[in-house]
Amino acid sequence: MAKITYIEHGGKEHIVEVANGLTVMEGARDNGIPGIEADCGGACACSTCHVYIDAAWADKVPAKDAMEEDMLDFAYEPDPARSRLTCQLKVTDALDGLIVQMPEKQI
């Protein structure tokens with residue numbers, strides 16, 4: 001289990017425990033966190049689970065693959081260093097304490 005902090009665009013925080021093996025997107029979905037739409041259900045076929053990784057975590061999460069990089073081109077105001085698709089982040093003990101912030105909107 002990892003505690004993950006999801007921060008809505010307006011600043012409201014949601015701290016939830018997410019089981020190892022799930023994705024950060026599934027953790028948001030399963031806990032009713034607003035701001036992550038996940039229209040494709042986690043298939044990396046949209047960009048509606050886009051978040052900004054907290055700067056302190058940007059180098060601690062696994063690297064983006066080419067498919068995620070391509071999908072981030074469709075995200076709202078992507079940040080080259082901090083933008084990620086939460087469907088591509090598998091939860092492990094190493095992500096305990098991860099902080100993600102939702103963009104103003106998902107497109």
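Predicted model: local features only at pLDDT ≥ 70, side-chain atom pairs only at ≥ 80, totals over all residues.

Started with Arg84. I looked up its accessibility and got 4%, so Arg84 counts as buried.

What does Arg84 pair with? It forms a salt bridge with Glu68, and the closest N and O atoms are 2.8 Å apart. I then checked where the two partners sit: Arg84 is in strand E4 and Glu68 in helix H2, so the pair ties together parts that lie 16 residues apart in sequence. Glu68 is buried too, because its relative accessibility is 1% and the cut-off for buried is under 20%.

Next I asked how many salt bridges a search of the whole structure finds. The count is 2. Besides the Arg84 and Glu68 pair, I found Asp30 bridged to Arg29, with 2.9 Å between the closest N and O atoms. Here I noted 46% relative accessible area for Asp30, which makes it partly exposed. Arg29 comes out at 48%, so I put it down as partly exposed as well.

Then the charges on the surface. I found a patch of negative charge where Asp65, Glu69, Asp70 and Asp73 gather. I picked Asp65 out of that group and placed it in the loop between strand E3 (50-53) and helix H2 (66-72). Its relative accessibility is 35%, so Asp65 is partly exposed.

Backbone angles were next on my list. As a reminder to myself, most residues other than glycine have a negative phi. Cys44 is not a glycine, yet I read a positive phi of about 55° for it. I traced Cys44 to the loop between helix H1 (24-30) and E3. Is Cys44 buried or exposed? Buried, with a relative accessible area of 4%.

I located Glu77 in the loop between H2 and strand E4 (83-85). With 52% relative accessibility, Glu77 counts as exposed, because the line for exposed is drawn at over 50%.

Last stop was Thr5, which I placed in strand E1 (residues 2-7). Its relative accessible area is 12%, so I logged Thr5 as buried. Which residues does Thr5 contact, leaving aside its neighbours within four places in sequence? I listed Glu13, His14 and Ile15, plus Leu98, Ile99 and Val100.

Terms used: Residues numbered from 1 in each chain as written. Heavy atoms only, no water. Patch = residues over 30% accessible without salt bridge, like charges linked within 9 Å, V, L, I, M, F, W, Y side chains within 5 Å. Areas by Shrake-Rupley, 256 points an atom, 1.4 Å probe, with all protein chains shown as cover. Salt bridge = Lys/Arg side-chain N within 4 Å of Asp/Glu carboxyl O. Lys, Arg positive; Asp, Glu negative; His and termini not counted. Charge placed at Lys NZ, Arg CZ, Asp CG, Glu CD. Helix = DSSP H or I, 4+ residues; strand = E, 2+ residues; numbered from the N terminus. Buried < 20%, exposed > 50% of the residue type's maximum accessible area, 1.4 Å probe, protein only. Contact = heavy atoms within 4.5 Å.
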